Amino acid sequence: MSARVFAVAAAVLALAAVPAAARQASAGSLVVKDTHMRASLGNNPNTGAYLTVTNRGAAKDRLVGASCACAARVELHEMSDVGGVMKMKKVDGFEVPAGGQLVLAPRGKHLMVFGLKQPVKTGDMVQMTLRFEKAGAVTTAFHVMNDPGATGGGGHHH
């Protein structure tokens, strides 16, 4: 019996490690990691998603779009402080510098997910496809978290 319990415990631990490993994807010289999405607030059909892209190549690239079967559309947005008021605007892309990183985080550059087909809950995994100008499309899993911006001052909902 104890060997069986051990085997079940080992299987559970192995499965628990899968989401972290599944949250890294590559496209050309780009590595996408730390992908996470804010859990829905009530019936709000919109949320934010965040990630880090590391460019291991010698040429810059651009994140130019994203899509998700879970929502009507995904837009690239950035927030800025204008006279003490946070303003959000849609942009057409984010540069991924050669040998550098692009970080999308709450209260800054981020993906805005509009028209969720159903609420996303903490612990869910959501597939999203990112489109890069040179590296092309890469599909990766986003881990849904209650407050991915807890260390950075929260996110926003539109």
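## Basis of the model

Helices (H or I, at least four residues) and strands (E, at least two) are DSSP runs, numbered from the N terminus. This is a predicted model: local features need pLDDT of at least 70, side-chain atom pairs count only at pLDDT 80 or more, and totals for chains, interfaces and linings use all residues. Residues are numbered from 1 along each chain as its sequence is written, and side-chain values use heavy atoms, with hydrogens and water left out.

## Overall fold

One helix and eleven strands make up the chain's secondary structure. The order along the sequence is α-β-β-β-β-β-β-β-β-β-β-β.

The chain has 158 residues, and 41% of them are buried (under 20% relative accessible area; exposed is over 50%, partly exposed in between; 1.4 Å probe, protein chains only). Contacts are heavy atoms within 4.5 Å. Of those with a separation of 6 or more, 68% link residues 24 or more positions apart. Accessible surface is about 8300 Å², and carbon and sulfur atoms hold 56% of that. The areas come from the Shrake-Rupley method with a 1.4 Å probe; for residues, only the protein chains shown count as cover.

## Strand pairing around β11

Two strands pair if DSSP finds at least two bridges between them. Strand β11 covers residues 136-145 and runs parallel to β2 (residues 30-38), with three bridges joining them. H36 has H143 in β11 as its bridge partner.

Strand β10 (residues 125-132) pairs with β11 in the antiparallel sense, over eight bridges. T129 is bridged to T139 of β11. β10 and β11 form a hairpin, with three residues between them.

## Disulfide

A disulfide is a pair of cysteine sulfur atoms within 2.5 Å. The count here is one. C68 is joined to C70, with S to S at 2.3 Å. The torsion about the S-S bond of C68 and C70 is about 120°, so this disulfide is right-handed. C68 and C70 are both buried.

## Surroundings of Q101

Q101 lies in strand β8 (residues 101-104). Q101 counts as partly exposed because its relative accessibility is 42%. Leaving aside residues up to four places away in sequence, Q101 touches K33, T52, V53 and T54.

The side chains of Q101 and T54 make a polar contact of 2.9 Å. Such a contact is a pair of N or O atoms within 3.5 Å; within protein, one must be able to donate a hydrogen and the other to accept it, and residues adjacent in sequence count only if both atoms are side-chain atoms. N55 is 46 residues from Q101 in sequence, yet 6.0 Å away in space, C-alpha to C-alpha.
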